[in-house]
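Dear colleague,

I am handing over a structure for your attention. Please find it below, followed by an account of what was found in it.

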Amino acid sequence: MALENGFKMDGFFPRLGKLADADQLHEPLDIGDVPADLLLGFLDKMVEVRCAEEKIADEVTDGKVKCPCHLVIGQEAVPTALAPHVRKGDKIFGAHRSHAHYLAQNGDLYRLFAEIQGKDDGCSGGMGGSMHLIDRERQLFGTVPIVGATIPIATGAGLASKMNEKGEFAVSFFGDGSAEEGVLHESLNLAASMKLPVIYFCENNLFSSHLHISLRQPADSIARFADAHCIPNMTLDGNDVVALHKAAGEAARMCREGRGPVFIEAVTYRWRGHVGPREDSDVGVQRKDDLESWRKRDPINRLWQSIAAAGHAEAEHLDELWEKHRAESEKQWQRAAEAPYPAEEELLNRVYTNAN
Amino acid sequence: MGKKLNYGEAICSGFQHLLGNYPEVFCIGQGLWSPWYVGNSMTNLEVDFGKARVLDSPVSELGCTGAALGAALSGYRPIVIHPRVDFFLLAVDQLVNQAAKWRHMFGGTVSAPLTVRTVVNRGGEQGAQHSQALHSWFAHIPGLRVVMPATPLDARDLLISSVLCDDPVLYIDDRWLYELEEDETPVTETPLQEIGPVCRRQGKDVTLVACSHSVKLATEAAEKLESENVSCEVIDLRVINPLDMTLVRESVAKTGRLVAIDGDWTNCGLAGEIIAGVTESSVFGALKAAPARVTLVDAPAPTSAPLEDIYYSTADQVANSVRGLF
């Protein structure tokens, strides 16, 4: 630690290093002795998510969808890795980029597409759209686009979990931009002071809208804020579904044992723009070279390489998955397109519990 | 003679009823374990019901309000206490963007039974940031019920109704009413959606419409005017969002005159809304004079005592406003 006239000059904060280096971590995953069926389940889910997102991207490109859609392509591993650890009674909250989080919890693809199209069959009755997803039966308690807004809400779900005394926990998914909102710090302080069972799951994709993290924060590690609030934390490759699954399992166990909160920072990268289907060049963001390198850190392909090398699946398995999920996305999108919109009276009926 | 209950004690009695009868109710906010006990409106609750259900909090208005919402979405009925409206403004995102919209934007299937209790605490040279009311701001928000009790029994029973309501509620009480007394009666649990304006005093010449502390001003003005043979009807709105104008319109149809009294700023305020709600209706034709309003001037609250004296409305001002209609 460098001291200058008694002032600590270099801080103690970690930097992401190779986790944020687009030219590293391209190799297949270390799958150790993880069972084949779990790995194949991850692969199936991530392919499903990407096919759904690509279908949405095409529809936005064609002008058929107006609702702002923040696509998760490239970041599929994070919610996929958490899902097997979530049980009845747990509560997950998310942000604007949450299609994957909905599907990872086995949310219904048709109801996601219907929601994006503003249809009555949507998971939020067509009232929310892409940014307001919910499926309480499957533990997804709500996603909203106000930056950082669900962080204190998840903290309160953690308070409820603590009061329930059943070993439940809450999960708060948020991005690196949320660390620039004061409410993250209020929430971490509250959770740490009250020992709440909450997993703070930061998806650091290095961008907030068009601005790289280097233009927004003096250091690129978000877990440094967990250090500041005395919260156990881990920073890892957000495109490694196996490592993420292990970390999330440890975090879940600590929360269930009453040793929460826990903070996980998953470093990843979004392939499309902040919102919409394009790759950001339209808003003047120069990241073409980086994006090409990040594509080599594809969470799906890296998992597949490991599965294939271990002989857990036939060579054609991946192609079959793509085919299956593309066909399913086409089918469910069409079905949603033909579904009815909410009735006009729902505009007022849904404001209060007992419509006045 | 039964026991007298003042407004501050009545609020405390409402909390006792809720915490004693509903295990899903808890309180969180700043100062709940302090000997000040939010102006003695929450005295010893943490002793009687435990610090796990009456939580004193870090200095985090936004975080605690969000946390209460999260608990509300998870099966509890939390009450967040912000001992001053001014500081509560730090928490507005969670009430306006989140709680008030949660039901609608998620398709009408999920409720957010969160109550935010905040307090108008003004006067005494406290200055611009220890003086605000701002209820009209919040009454503008669809999905957020806004409750403003004017009497001790309402302070108790409307708190209970608010907390038992499945929608988010902003309950605002006023420190200037804490010494107001009323005969104690048994607690009543009435669904909040069944609670609306009531007539506090019957009259035939002019309708005075108010809520919270302004009801006290209106009542005092009505007493003064009685000796001048002016008969005032006083209507206490009680719930200002959603606003039910039926009783006000019926009253003005009878009296032909309207004065709206509100302890907040003039522009885009509740008093203007009351007047619009009458003049845009069929009652317009019954008006014998242009409606008037008694509100605060559009300036931040001053600290200097002489300026403060002219800043806040008085019963005399209300009486003068009424005289101007004849």
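In what order do the five strands of the open sheet in chain B lie? The order is 9-11-10-13-14, and the pairing is mixed. Please bear in mind throughout that this is a predicted model.

Strand 9 (198-201) and strand 14 (292-296) of chain B are its edge strands, each pairing on one side only. From one strand to the next, the twist averages 25 degrees. Strand 13 (residues 258-265) of chain B runs parallel to strand 14 of chain B, and four bridges join the two. Within this pair, B:Ala260 has B:Arg293 in strand 14 of chain B as its bridge partner. Helix 9 (residues 213-226) of chain B packs on the sheet, where it touches strand 9, strand 10 (206-210), strand 11 (232-236) and strand 13 of chain B. The direction of helix 9 of chain B makes about 170 degrees with that of strand 11 of chain B.

Two further helices of chain B deserve mention. Two packed helices are described by the angle between their axes and the distance between the axes. For helix 10 (residues 246-255) and helix 11 (residues 270-279) of chain B, the axes come within 10 Å and cross at roughly 65 degrees. The crossing is right-handed. On the side of helix 10 of chain B, the contact involves B:Val248, B:Arg249 and B:Val252, which meet B:Ile274, B:Gly277 and B:Val278 in helix 11 of chain B. By class, the residues of this contact are four nonpolar, one polar and one charged.

As to the overall arrangement, chain B is divided into domain 1 (4-194) and domain 2 (198-323). The centres of these two domains of chain B, taken over C-alpha atoms, are separated by 26 Å. Their contact takes 24 residues from domain 1 of chain B and 22 residues from domain 2 of chain B. On the domain 1 side, helix 7 (135-139), strand 6 (145-147), helix 8 (152-164) and strand 7 (169-174) of chain B each supply at least two residues. That side has 14 nonpolar, five polar and five charged residues.

Finally, chain B also meets chain A: 34 residues of chain B are in contact with 35 residues of chain A. Helix 4 (61-72) and helix 6 (92-105) of chain B are the elements that give two or more residues to the chain B side. Helix 4 of chain B gives the most, with nine residues. The chain B side comprises 14 nonpolar, 16 polar and four charged residues.

Yours sincerely

Conventions: Residues are numbered from 1 along each chain as its sequence is written. Chains are lettered from A and ligands numbered from 1 in the order in which they are written. This is a predicted model: local features need pLDDT of at least 70, side-chain atom pairs count only at pLDDT 80 or more; totals for chains, interfaces and linings use all residues. Domain bounds come from an automatic or database domain assignment. Two residues are in contact if their C-beta atoms, placed from the backbone, lie within 7 Å. Ala, Val, Leu, Ile, Met, Phe, Trp, Tyr, Cys and Pro count as nonpolar, Asp, Glu, Lys and Arg as charged, and the others, Gly among them, as polar. Axes are lines fitted to C-alpha atoms, for helices over the stretch in contact, and angles run from 0 to 180 degrees between N-to-C directions. A crossing is left-handed if the near helix is turned anticlockwise from the far one by less than a right angle, and right-handed if clockwise. Two strands pair if DSSP finds at least two bridges between them.
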